[in-house]
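Subject: Structure handover and findings

Hello,

Here is the structure I promised to pass on. Please open it and keep it on screen while you read.

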Amino acid sequence: MAKPESKKIFFENLSGAGKAIAVLTSGGDAQGMNAAVRAVVRMGLYVGAKVYFIHEGYQGMVDGGENIVEASWESVSSMLQVGGTVIGSARCKEFRSHEGRLKAALNLVKQGITNLCVIGGDGSLTGANLFKEEWSGLLAELVEQGSIEADAVSKYSALHIVGMVGSIDNDFCGTDMTIGTDSALHRIIEVVDAIMTTAQSHQRTFVLEVMGRHCGYLALVSALACGADWVLIPEMPPEDGWEDKMCRKLSATRSRGTRLNIIIVAEGAIDRHGTPITSGIVKDLVVKRLGFDTRVTILGHVQRGGTPSAFDRVLASRMGVEAVLALLETTANTPACVVSLCGNQLVRLPLMECVQMTQEVQRAMDGKRFEEAVKLRGRSFENNLKTYKLLAHRKPESELPTSNFNVAVLNVGAPAAGMNAAVRSAVRVGISEGHKMFAVSDGFEGFYKGQIREVKWADVGGWTGQGGSLLGTKRTLPAKHVDKIAEQMREHKINALLIVGGFEAFLSLLELLTARGKYDEFCVPMVMVPATVSNNVPGSDLSIGADTALNAITATCDRIKQSASGTKRRVFIIETMGGYCGYLASVGGLAAGADAAYIFEEPFDIKDLQANVEHLTQKMKTGIQRGLVLRNENCNENYTTDFIYQLYSEEGRGVFDSRKNVLGHMQQGGAPSPFDRNFGTKISAKAMQWVTKKLLETFRHGRVFANTEDSCCLLGMRRRALVFQPVVDLKGETDFVHRIPKEQWWLKLRPLMKILAKYKTSYDVSDSGQLEHVVRDRPKESDASVAM
């Protein structure tokens, strides 16, 4: 459904006065649920509503009494970084009966609650919808029993339901990601990375069993993120004879010199006849057929545990605020809705449409219509499966197309986690499409020096989980050495360029585009994939590497805050990277629960600093023990980290003391997060497919000649779409002095951070989700879900 034209609406017009909102978590727990609960409570209180916790899910609603408790602002402090759900979750048989729902209705009416925010899976949300449909009948029954007064029927005439999906399996149709999935992937990848080192030492094969009884998302995406040799999922069982194919693949991998094999099995994996394929069966098969030393690791509930990732904290916080807005806007005729993620944007979808489609997937699997099941899972799942097959299974030389095109891949700018995954993807997709792939070391500096070599399929094995840039990367721009670069292009017969990098990569493409007027060698397809921790590349909402940096910031902030537990009241001032771009400080602040984040894009003065100190002073007096302030490294040349630290130390004297910490290059280091591995893998694969298409379009009279503006592009994620944009069109959107885009989507998240930190502010809700409908087949170009 098309969205109405955006108008600036501020939620001050949507008062919650007189409303009572209850929040509950139901079904299996998932990391990030606490962030969602915190956001619902604080946003609800902010708009003047009463907010209640319902402890122990639907069981607490049925039992009533002390299970339904009014929430305060302070009651959700220090829960953002806690895994699981602090308000408890339980599966409740009693709520499935009419009598149970009657008890639940009475308990809600006693507290005046007619707005429910349910965080759970499809079973929990289906139960909530049934409760809503029966509500008026339940009230009439309670009046007949004499349990409530007759006027309560009109006073509490409608029950309003908004759902958020909390499930590590990502098994709910209608949303690209559910709360908890990214954190579960973190747990899996941490284990895989650890296992890889021991497997290499002993030349072992490891079979890893991950959760996913009915959905193979975790198995599929973790296989993509670690470059597993084989994956088994319930939606797409292997063809008959898979045992032979798998053993041939493992044997071929070993024969090329690889010292380990990784096989990932979803717990619900089956063959084409519905027979379960367990991790034990796979192990016995490998040992019997190949004689490889093989071990099984079953991850189990480790995947549900641990602290939530930065992605899950931000997603859950955004969804929690959106859920409250949806409840404020609801009317008696509004259907129960679920807050979903589409690309980078939140949308509201009718709850039962999503549930019905989720159930259709299971029916398709039960009916052995596996291709249909994959399609019903959504474009994101389908894209994951296609990309995995493309990168994991090498075609025999005889089956490869012969294009006779040479494509060069290079990294430009500062290192970013996920760059290596992007290069591996580009190389393997290029080889699959018949190209000769060349790797350039040290960016354009290596290019003009002739540091160019052909790379084969096996050369990029194991690159996905490596941090930094294995090719080497420099900030050198091509303009000074354009003649030597043209010479190298001619010498190596390079027909296309794929650049993985940050703002310098964008500037490089502009320079090469200008050089086309003098050198025909640059009249070839050129494409850039954004990769920088700063997330400051125009034309893309997200860059490879930014998620890993956010997780580094969030984890460090958690430790720093914990260091103050049990001590006197303390405020921490943390400096983040980003150049002039405040993305890391702002989104990191939202993920870590910061009280303030100072950035270049939002000018501030001494009065603002003073107001922040006073605000923290007031919070400390109400019992809060710790404060957190983030500062972008270039936010202001005078208000330095030292200055802010000294100001807070002086003005907070007697109430709190201050500490400072400069995070520095730790934000660029470390193994890439699952998000960055997958985003890098899939966006680079898409870029390589575009290169192939352009090469075929521009090949005339025995040579490639591409001199149009649309043959020099940046591939970026824009809201819901992955878009190829001519770099020349992005010049008008760019602040070249400060190396940032003129408009940045994440600035709309800053008021959200301030609201959750108890500041009075305006929040533009013009982007809030209008109620849309589940779309079975989105057009390919709108698949921003490629990110995960």
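Below are my notes, going from the whole chain down to single residues.

**Confidence**

Remember that this is a predicted model. The average pLDDT over the chain is 92. A score of at least 70 is reached by 95% of the residues. Two stretches need care. The pLDDT is below 50 over residues 1–9. Even so, that stretch has 20 contacts in the model beyond near neighbours in sequence. Over residues 778–788 the pLDDT is also below 50. Here the model has 47 contacts beyond near neighbours in sequence.

**The whole chain**

The chain holds 24 helices and 27 strands.

Of the 788 residues, 62% are buried. The accessible surface comes to about 29400 Å². Carbon and sulfur atoms account for 49% of that surface.

Take the contacts with a separation of 6 or more: 79% of them join residues 24 or more positions apart.

Charges next. There are 91 positive and 87 negative side chains. The centres of the two sets lie 4 Å apart.

Find Thr175 in the loop between β5 (160–165) and α6 (181–202). Is Thr175 buried or exposed? Its relative accessibility is 9%, under the 20% cut-off, so Thr175 counts as buried. Leaving out residues up to four places away in sequence, Thr175 touches Asn170, Met319, Ser340 and Leu341.

Val347 sits in strand β11, which covers residues 345–350. Val347 is buried too, at 3% relative accessibility. Thr175 and Val347 are 172 residues apart along the chain, yet their C-alpha atoms are separated by 8.7 Å. Now try Val347 with Arg254. These two are 93 residues apart in sequence and 47 Å apart in space, C-alpha to C-alpha. Look at both pairs on screen.

Start with Ser222. It lies in helix α7, residues 217–226. Its relative accessibility is 0%, so Ser222 counts as buried. Which residues does Ser222 touch, not counting those up to four places away in sequence? They are Leu185, Ile188, Ile189 and Ile264.

Asp547 belongs to helix α18, residues 546–562. At 7% relative accessibility, Asp547 is buried. Beyond residues up to four places away in sequence, Asp547 touches Phe311, Ser673, Phe675 and Asp676. Phe311 is 236 residues from Asp547 in sequence. In space, their C-alpha atoms are 7.4 Å apart.

Lys619 is part of helix α20, residues 606–621. Its relative accessible area is 11%, so Lys619 is buried. With residues up to four places away in sequence left out, Lys619 touches Asp595, Ile624 and Ala757.

**Two residues with positive phi**

Check the backbone at Lys368. Its phi is positive, about 60°, although Lys368 is not a glycine. Lys368 is in the loop between α11 (351–366) and α12 (370–377). Why is Lys368 classed as partly exposed? Its relative accessible area is 45%, which falls between the 20% and 50% cut-offs.

His701 has a positive phi as well, near 55°, and is a residue other than glycine. You will find His701 in the loop between β22 (699–700) and β23 (703–704). At 83% relative accessibility, His701 is over the 50% cut-off, so it counts as exposed.

**Where to look**

Begin with Thr175 and Val347, whose C-alpha atoms are 8.7 Å apart. Then go to Asp547 and its contact Phe311. Finish with the two loop residues, Lys368 and His701.

Best wishes

Technical notes. Residues are numbered from 1 along each chain as its sequence is written. This is a predicted model: local features need pLDDT of at least 70, side-chain atom pairs count only at pLDDT 80 or more; totals for chains, interfaces and linings use all residues. Side-chain values use heavy atoms; hydrogens and water are left out. Helices (H or I, at least four residues) and strands (E, at least two) are DSSP runs, numbered from the N terminus. Buried means under 20% relative accessible area, exposed over 50%, partly exposed in between (1.4 Å probe, protein chains only). Contact means heavy atoms within 4.5 Å. pLDDT is the predictor's confidence in each residue, from 0 to 100. Accessible areas come from the Shrake-Rupley method with a 1.4 Å probe; for residues, only the protein chains shown count as cover. Lys and Arg count as positive and Asp and Glu as negative; His and the chain ends are not counted. The place of a charge is taken as NZ of Lys, CZ of Arg, CG of Asp or CD of Glu.
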